[in-house]
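Visitor: I would like to learn how to read the features of a structure like this one. Could you take me through them one at a time?

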Amino acid sequence: MYATFWALVPPIIAIVLALITKEVYSSLFVGIVMGGLFFANFNLEATMLHVINDGFISVLSDSWNVGILIFLVILGTTVCLMNKAGGSAAFGKWAQEHIKSRVGAQLVTIILGMIIFIDDYFNCLTVGSVMFPVTEKHKISREKLAFLIDATAAPVCIIAPISSWAAAVTGFVDGTDGLSLFVKAIPYNFYALLTLVFMIGLVVMNIDFGSMAQYEKEAMEKPTDDSIEKAAISSNGKVIDLVLPIFVLIISCVLGMIYTGGFFSGTNFVEAFANSDASVGLVIGSSIALIINIVFYLSRHILPFKDCMDCLVEGFKAMVPAILILTFAWTLKSMTDSLGAKEYVEYIVNNYASGFTSFLPAIIFVIAALLAFATGTSWGTFGILIPIVVNVFQSTDYTMMIIAISACMAGAVCGDHCSPISDTTIMASAGAQCNHVNHVSTQLPYAILVACISFINYIIAGFVKNAAVSLLTGVLMTILALVLIKKLNLSAKKEA
C-alpha cells in the first residue's frame, strides 16, 4: 500500500465520516486506526505500536507542534484576561454605538482579519475573540463569523510577504531566492485573491446560499441578546483593555518571529522573517505579551492577581477542543506520511501531468487542493509540490514556474480551506465558538465556487501568461457569479 492511492484513503475516510456523523473526534480516530492498519498490514500489535509511538507520542513530542499548542493556551489565557477585565464588553458597547448594521459588522471583521496577517492561528483566534460579541449583537450566525475568519486567515497570510506562511514557502524553494518568487507569485494566487473579492461581494450584496442561508435566517430570528450591554454596564473595563493587549500581542509576536530569524544578530528584517521559526517565535512573543498584559491589568486595578492566574486554567480549558482536534489531525497526517503520500503525489505529477504544459498550472491547482483537503495541511502540500515544480520549470520556463508555484499555494489554501481536519479550519471554528462540522458544511459551497473560478483562471494563465489579464477575468467571473446567485435568490423568494 506504500506510495499508492491507499495512502490517501485514511484521511478520506475521516473526512467522509465527519461530514456524515457531524462528530469529528471519532471520525479522525477511525482514520488514524485505518492508517495504522494499512501501514502494519493489518497486524493488530504493530498497528497499536505505530499509532501510539509513531502517531500520538511522535506528534506531541515534536517541538513545532508543542510550540503551537503552548501558543494556543497563551492566546486562550489572553482572551480570558480581556473578557474578565471587561475589555471585550467595552468594545462590544463601543461597536454597538459605531457599527450600525449587519453589513458593517461583517466588513469590520474582514478588515480586522486582513490587518492581522502575521499568522493564521493568531488571526483566527484574535479576530474571533474581538468580533464575536459584535456579530452576536447584530444577529450574525456563528457559522458566518467562522467563514469570515477562515476566509481572512490563510488566504490573507498566503499573499502577505511578511507572514509565517511566506517564511514557510520560501523555505521549500532551494537554489533560488524564495521570497522573490513568493512576491512574484502573488498576482497569480487566484484562489486567495478571489476569495477576498467573493467575501466582500457576498457581504455588500447581502447574499447567502446553501446551508449558510438557513443558519443566517435562524440567527436573525433569535431574540436579542442583551448580555453585552449588561456586561459593559457592570464592568469597569474600557476599550483600551482590549485594544492595547492585542496591539502588544501583535508587536511581541512580530519581534519574537524576527528574533528566531536572526534579526537581532544582524540579519535584515525581510530575511529574518523568511528564516523565522513561526512556532518558537509565536511562543516567545505571546509569552512576553502575556506578562506585559498581566502587569497592565494589575496596574489599572481592574483585575486582582488571583483572577489573572485563574485565567491560565480557564484559557487552557477553552482551548481543549481545538488542542484535541489538532492532535488527532496531526496524528492522521503522520499516518498518511508513513504510507508514502508524498511519493505517490510526486509520481503522479512527474508521470502524468508533465505532458500538458499549458494546462499544468490548473492541474497542479487541483492536485494541491485534493492533497491539502485529504491531509489537512497547506504547509505539507507546499513541501511536496513546490520542489517538484521548481525542478520541472527552473531551467526551461521561468514565468510558467511562477504561475505553477502560485497554483501550488492557491490549491493548498483551497484544500486547507475546505478540509474539516485542517488546523486553520479548526481554529476558525474555535475563534467563532461555532460547531466545527457546521462551519465546514456551510463554508464548502462558497469555497468550491471560488475554486472553480480559480481553476478556469489557471487554464487562462497557462496560455496567456499575463497576471493582469487572468486576474481581471477572475474578478469579473466572481462578480458575475454573485449577481446570478442574487437573482436566483430573489426569484426563489418570489416563488415562495
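**Reading the fold and its details**

Guide: Start with the contacts. Among those in the chain between residues at least 6 apart in sequence, 79% join residues at least 24 apart. Keep in mind that this is a predicted model.

Visitor: How many helices and strands does the chain have?

Guide: The secondary structure comes to 25 helices and 0 strands.

Visitor: And what share of the residues is buried?

Guide: Of the 496 residues in the chain, 56% are buried. Buried here means under 20% relative accessible area.

Visitor: Next, cavities. How many of 30 Å³ or more does the structure hold?

Guide: There are 2 cavities of 30 Å³ or more.

Visitor: Which residues line the second largest cavity?

Guide: The lining consists of Leu 75, Thr 78, Val 79, Met 82, Leu 125, Thr 126, Ser 129, Ile 246 and Leu 249. The largest share, 4 residues, comes from α4.

Visitor: What is the make-up of that lining by class?

Guide: The lining of the second largest cavity has 6 nonpolar residues and 3 polar ones. It has no charged residues.

Visitor: How do I read aromatic pairs?

Guide: Two numbers describe a pair of aromatic rings: the distance of the centres and the angle of the planes. A search of the whole structure finds 15 aromatic pairs.

Visitor: Why is the pair of Tyr 188 and Phe 190 edge-to-face?

Guide: Look at the angle. The planes of Tyr 188 and Phe 190 stand at 75°, so the pair is edge-to-face. Their ring centres are 6.3 Å apart. Tyr 188 is buried at 7% relative accessibility. Phe 190 is buried too, with a relative accessible area of 0%.

Visitor: What about the rings of Phe 296 and Tyr 297?

Guide: Here the planes are at 50°, so the pair is tilted. The centres of Phe 296 and Tyr 297 lie 5.5 Å apart. Phe 296 counts as buried at 16% relative accessibility. Tyr 297 counts as buried at 0%.

Visitor: Which residues do ring pairs link into a cluster?

Guide: Tyr 25, Phe 29, Phe 56 and Phe 328 are linked that way.

Visitor: Last, the cysteines. How many disulfides does a search of the whole structure find?

Guide: The search finds 0 disulfides. The cut-off is a sulfur pair within 2.5 Å. For Cys 80, the nearest cysteine sulfur is that of Cys 311, 3.2 Å away, and Cys 80 is in no disulfide. Cys 80 is buried, with a relative accessible area of 10%.

Visitor: And how far from Cys 452 is the nearest cysteine sulfur?

Guide: That sulfur belongs to Cys 414 and is 8.7 Å away. Cys 452 is in no disulfide either. With a relative accessible area of 43%, Cys 452 is partly exposed.

How values were computed. Residues numbered from 1 in each chain as written. Predicted model: local features only at pLDDT ≥ 70, side-chain atom pairs only at ≥ 80, totals over all residues. Heavy atoms only, no water. 1 Å grid on protein atoms, 1.4 Å probe; cavity = no way out; pocket = protein on both sides within 12 Å on 5 of 7 lines; lining within 4 Å. Points joined across faces, edges and corners; volume = space filled by probe spheres on them. Helix = DSSP H or I, 4+ residues; strand = E, 2+ residues; numbered from the N terminus. Nonpolar A, V, L, I, M, F, W, Y, C, P; charged D, E, K, R; others polar. Phe/Tyr/Trp six-rings, centres within 6.5 Å; stacked < 30°, edge-to-face > 60°. Buried < 20%, exposed > 50% of the residue type's maximum accessible area, 1.4 Å probe, protein only. Contact = heavy atoms within 4.5 Å.
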